[in-house]
Amino acid sequence: MDWQEILHRIDHIVNQQTGKHLSDLQAAILKGVLKGQRYASIAQDYGCTTGHIKDTSYKLWKILSLALGEPIHKTNIRATLERQALNLTNPSPK
């Protein structure tokens, strides 16, 4: 699965949970974290403060935790997405 497909599927999950789509910043955080970047590096790439990245990430991890039914953090997002690959590959229709 390529980045666009992964982001599209996560966006679908977030939209079902919140009624909103991923923001550009949330997408940048996901891409950065999945590539092993630190928040400071993501902030520099995106042109904002590390604190803003941390605040936005915290909210994103909360949304994904509720949607996926288990705690999500930057340290376990990759493993969680891999474990739930079946759900990401074939999201159930609502």
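Residues are numbered from 1 along each chain as its sequence is written, and because the model is predicted, local features need pLDDT of at least 70, side-chain atom pairs count only at pLDDT 80 or more, and totals for chains, interfaces and linings use all residues. Side-chain values use heavy atoms, with hydrogens and water left out.

Helix α2, spanning residues 24–34, is mostly covered, with eight of its 11 residues buried; here buried means under 20% relative accessible area, exposed over 50%, and partly exposed in between, for a 1.4 Å probe and protein chains only. Helices are DSSP runs of H or I with at least four residues, numbered from the N terminus. The buried residues of α2 are L25, Q26, A27, I29, L30, G32, V33 and L34, and what covers them includes α1, α3 (39–46), α4 and α5, where contact means heavy atoms within 4.5 Å. Within α2, Q26 has a relative accessibility of 11% and therefore counts as buried. When residues up to four places away in sequence are not counted, Q26 touches H21, T56, L60 and I63, and the C-alpha atoms of Q26 and I53, which are 27 residues apart along the chain, are separated by 8.7 Å. Just after α2, G36 takes a positive phi of about 85°.

Two packed helices are described by the angle between their axes and the distance between the axes. Axes are lines fitted to C-alpha atoms, for helices over the stretch in contact, and angles run from 0 to 180 degrees between N-to-C directions. The axes of α1 and α2 come within 11 Å and cross at roughly 125°, and the two helices are therefore oblique to each other; angles under 35 degrees count as roughly parallel, over 145 as roughly antiparallel, 65 to 115 as roughly perpendicular and the rest as oblique. This contact is made by W3, I6, L7 and I10 of α1 together with A27, L30, K31 and L34 of α2. By class, the contact of α1 with α2 has seven nonpolar, no polar and one charged residues, where Ala, Val, Leu, Ile, Met, Phe, Trp, Tyr, Cys and Pro count as nonpolar, Asp, Glu, Lys and Arg as charged, and the others, Gly among them, as polar.

Helices α1 and α4 pack at an angle of about 85°, with their axes 9 Å apart, and are therefore roughly perpendicular to each other. In this pair, I10, I13, V14, Q17 and T18 of α1 meet L60, I63, L64, L66, A67 and L68 of α4, and the residues of the contact divide into nine nonpolar, two polar and no charged.

A salt bridge is a side-chain nitrogen of Lys or Arg within 4 Å of a carboxyl oxygen of Asp or Glu, and by this rule the count comes to two. In one of them, E5 pairs with R9, the closest N and O atoms being 2.8 Å apart; both residues lie in helix α1 (residues 3–18), four residues apart, about one turn of the helix. E5 counts as partly exposed at 25% relative accessibility, and R9 is partly exposed with a relative accessible area of 21%. The side chains of R83 and E70 also meet in a salt bridge, at 2.4 Å from N to O. R83 lies in helix α5 (residues 77–83) and E70 in the loop between α4 (50–68) and α5, so the pair ties together parts that are 13 residues apart in sequence. R83 is exposed, with a relative accessible area of 52%.
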